[in-house]
Amino acid sequence: MEMGGSMRRPTTPLLTMQLQTVGEVVRVLRARLGLEQVELARACGWRDASAVSRIETDRIHPTRRTLLKLAENLSKPDITGTPSEVRAWLFLASGILPTAREVDELGDKIPNIAGWPYPASVMDFGWHIWRTNDLFARGLGLPPKHIGRNYLELFFEEESPVRKQFGALWYDLAQVAVSSFRADSEHRSGQRWFVKLRATLASLPDFDKMWDTADGNAESVVGWSSTSVEGGKVGGVRAQLTADPRLIVGQFMPDDEAGREQMLKYGALLV
């Protein structure tokens, strides 16, 4: 699905591959460039291939400085991507969330979702909100100052406008959100951002109860999912940005006429 914006794709995109660790990313990129481990090590200023070998087998967790050095020497725009794109892949695997400055620097590489006909957002893999269109913000009842906030925190905060927006329907929708987040973050449970967020969410009403019963096999954050909403169905489609795969662009849209009526009811479909 083409989401608009300036999203140049490498000739052999990594988006189609399930790369979860830094070692996997480094191994694939090095192979695409036709480099031996020793060649990559020397380019990075290391004495021998052992450092690369330890990284590729995930026996060590590289520092941010090491990841930047790897990105510098594993980037080739027509083959693996630009230095910033490769850096983003390595940061994604390492669990380093994007900063507000990094998001702003992407500029027109992030699609302009303001005019999309359905509720749309741009979030990172930790579900922090970086862009929304008016349909998304209004449909979910988000507060005016929600950019940079965590989606689940906004969903679960006591007396949050999201709870008020959905009323009795909130509980079912919250369960869907928790199950999706748990499925998407299963392999990140030891990462610093997750531990911090998990502690924050545990302090919010109802979250722990839903987390303990969440289906870890639910739909991942990336792809297509369908949710039943009071007799109707609402679909969601999400895709990673090529320029920075830590960011995910998503849209909600009705799956059927009853789903359309529910979206109209909550102000999330104003066409």
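The model is a predicted one.

1. Loop between α3 and α4. D58 sits in the loop that joins α3 (50-56) to α4 (64-74). The phi of D58 is positive, about 55°, although D58 is not a glycine. With a relative accessibility of 33%, D58 counts as partly exposed, because that class lies between the limits of under 20% for buried and over 50% for exposed.

2. Loop between α8 and α9. A positive phi also occurs at E159, with a value near 60°, and E159 is a residue other than glycine. E159 belongs to the loop between α8 and α9 (161-166). The relative accessibility of E159 is 58%, so E159 counts as exposed.

3. The chain overall. There are 13 helices and five strands in the chain. Of the 271 residues, 49% are buried. The accessible surface amounts to about 13,200 Å², and carbon and sulfur atoms hold 50% of that area. Among contacts with a separation of 6 or more, 58% are between residues 24 or more positions apart.

4. Packing of α1 on α5. How are these two helices placed against each other? Helix α1 (residues 22-33) and helix α5 (residues 83-94) meet at an angle of about 150°, and their axes are 8 Å apart. The angle makes α1 roughly antiparallel to α5, since angles over 145 degrees are put in that class.

5. Residues in the helix contact. On the α1 side the contact consists of V22, V25, V26 and L29; on the α5 side it consists of V86, W89, L90, A93 and S94. By type, the residues of this contact of α1 with α5 are eight nonpolar, one polar and no charged.

6. The sheet. The five strands make an open sheet with antiparallel pairing, in the order β2-β1-β5-β4-β3. Its edge strands are β2 (129-132) and β3 (223-229), each of which pairs on one side only. On average, neighbouring strands of the sheet are turned by 25° against each other, direction ignored.

7. β1 with β5. Strand β1 (residues 120-124) is joined to strand β5 (residues 247-254) by five bridges, and the two pair in the antiparallel sense. Within this pairing, M123 has I248 in β5 as its bridge partner.

8. β1 with β2. Three bridges link β1 and β2, again in the antiparallel sense. S121 is bridged to T132 in β2. The two strands form a hairpin with four residues between them, and in this hairpin W127 takes a positive phi near 70°.

9. β3 with β4. Strand β4 (residues 232-240) runs antiparallel to β3, and seven bridges join the two. One of the bridge pairs is V229 with G232 in β4. β3 and β4 also form a hairpin, here with two residues between the strands; E230 in the turn has a positive phi of about 50°.

10. P111. P111 and S121 are 10 residues apart along the chain, and their C-alpha atoms are separated by 9.9 Å. S121 is also the residue whose bridge partner in β2 is T132.

11. G141. The loop between α7 (134-140) and α8 (151-156) contains G141. G141 is buried, with a relative accessible area of 12%. Leaving aside residues up to four places away in sequence, G141 touches P161, V162 and Q165. Its C-alpha atom is separated by 9.0 Å from that of G267, although G141 and G267 are 126 residues apart along the chain.

Notes: Residues numbered from 1 in each chain as written. Predicted model: local features only at pLDDT ≥ 70, side-chain atom pairs only at ≥ 80, totals over all residues. Heavy atoms only, no water. Axes fitted to C-alpha atoms, helices over the stretch in contact; angles between N-to-C directions. Parallel < 35°, antiparallel > 145°, perpendicular 65-115°, else oblique. Contact = heavy atoms within 4.5 Å. Nonpolar A, V, L, I, M, F, W, Y, C, P; charged D, E, K, R; others polar. Buried < 20%, exposed > 50% of the residue type's maximum accessible area, 1.4 Å probe, protein only. Areas by Shrake-Rupley, 256 points an atom, 1.4 Å probe, with all protein chains shown as cover. Pairing = 2+ DSSP bridges.
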